[in-house]
Amino acid sequence: MLRIHFTSEDLRNITVADDVDPLWEVLLSLHLVQERGGALLPLGHWRRRVRSTVGRSISMRMVAELARPWGYSPDFLTPGRGDTGFEAQLDRVLSTPRPRLRKEFAALADETPATLWTRALGDGEPDALRRLGGALSTYHRTAVAPYQGTMRAHAEADRARRARDLLSGGVDHLLARLHPRVEWQAPVLQMPVYAEQDVHLGGRGLVLVPSYFCRIQPITLLDVDQPPVLVYPFSPLLRPLLPDDTADADLGGPRTTPVVALLGRTRAAILEAAATTGSTSQLARRVGVAAPVVSRHATVLREAGLLESARRGGAVLHRITTLGVALLNGEVPD
């Protein structure tokens with residue numbers, strides 16, 4: 001069980017990051033690439049593409065040793081809190097002090113046998129760190145960077161949702177609705193994890209970072225002395241779709257999924273964008289089409305029971321229904 005202990009000062013210093021964090025997305029997406037389980041329906045195409053592109057490369061093997069899909073991954077790999085871009089964070093990784101590297105690689109060796117590669121990194125050998133930088137850059141360029149626009153749109157929508165939670169019910173409401181596997185019993189936020197861990201914020205506050213590739217539940221650093229961060233999945237309802245390639249990024253979803261074949265690319269993207277409630281104009285910005293186009297397709301989706309719409313003031317708000325979520329996740333019964 002992970003327990004995060006808040007003081008009154010910590011509750012005043014909770015913030016939500018503006019965007020996903022590039023190195024957290026690298027780490028968490030690496031977990032998904034390596035998993036041997038089910039099809040991960042909404043992300044299955046992305047996973048197959050990444051595996052076919054870098055799955056057997058030296059770069060992939062190098063970073064996979066540090067980011068297994070279970071257990072401990074060294075904290076120095078994720079120094080950010082959604083506050084800087086990839087290059088700045090990579091500099092932080094490669095500048096990690098040797099004492100910290102030795103400590104974290106010793107912890108890694110407690111779970112999996114050390115290799116020549118991990119020993120060299122743990123000793124802070126310059127050549128090993130340069131190779132790590134090249135491997136992380138190659139993986140990020142292939143598996144994460146092409147989808148940055150889609151991720152940013154989801155982060156914007158998620159942040160708006162958290163702001164509504166805060167405005168409608170205060171900090172208690174924000175933390176209680178963070179994720180279904182999270183339980184808020186003031187002043188402790190707790191969730192099941194593979195190891196017992198207590199994090200006492202001690203007035204440092206907490207940064208909540210939304211993540212595209214985070215699975216199952218929120219995650220944090222093992223080292224409680226590092227700046228506190230909690231990375232959480234975008235939505236408790238569905239895993240967002242990824243585009244086939246950068247040319248499709250403005251429309252969100254992939255051209256080849258069954259949902260797109262059934263609804264068409266634009267309607268599928270609008271349905272996905274409505275996973276977090278948004279007005280017609282907000283959905284138009286997320287999908288990259290004109291507002292009248294959203295209105296026209298929303299009517300069809302609403303009549304099919306996939307979307308709900310309600311007028312609030314001068315705007316019409318849209319939100320995906322349970323049936324719509326099931327359709328996107330491939331769970332609609334025959």
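**Ground rules.** I number residues from 1 along each chain as its sequence is written, and side-chain values use heavy atoms, with hydrogens and water left out. Since the model is predicted, local features need pLDDT of at least 70 and side-chain atom pairs count only at pLDDT 80 or more, while totals for chains, interfaces and linings use all residues.

**Sheet.** I took helices (H or I, at least four residues) and strands (E, at least two) as DSSP runs, numbered from the N terminus. Two strands pair if DSSP finds at least two bridges between them. I found an open sheet of three strands in the order β8-β10-β9, with antiparallel pairing. β8 and β9 are at the edges and have a single partner strand each, so one side of each has no neighbour in the sheet.

I then went through the pairings. β8 (residues 278-279) is joined to β10 (residues 315-320) by two bridges, and serine 279 has leucine 317 as its bridge partner in β10. β9 (residues 307-312) pairs with β10 over six bridges; there, arginine 312 stands opposite alanine 315. The hairpin of β9 and β10 has two residues between the strands, and glycine 313 takes a positive phi near 65°.

**Helix α9.** α9 bends by about 135° at glycine 169.

**Pocket.** I searched a 1 Å grid over the protein atoms alone with a 1.4 Å probe; a pocket is an open set of points with protein on both sides within 12 Å along at least five of seven lines, and lining residues have an atom within 4 Å of a point. The largest pocket is lined by 28 residues, and Gly71, Val193, Tyr194, Pro218 and Ile219 lie nearest its centre. Helix α2 (residues 22-34) gives the largest share of that lining, four residues.

**Aromatic pairs.** I counted rings of Phe, Tyr and Trp (its six-membered ring) as paired if their centres lie within 6.5 Å, with planes under 30 degrees apart stacked, over 60 edge-to-face and the rest tilted. The whole structure has four aromatic pairs. Tryptophan 46 and phenylalanine 213 form a tilted one, at 4.7 Å centre to centre and 40° between the planes. Tryptophan 46 is in helix α3 (residues 44-54) and phenylalanine 213 in the loop between β6 (206-211) and β7 (229-233), so the pair ties together parts 167 residues apart in sequence.

Notes. Bend = angle between axes of the 7 residues up to and from the residue.
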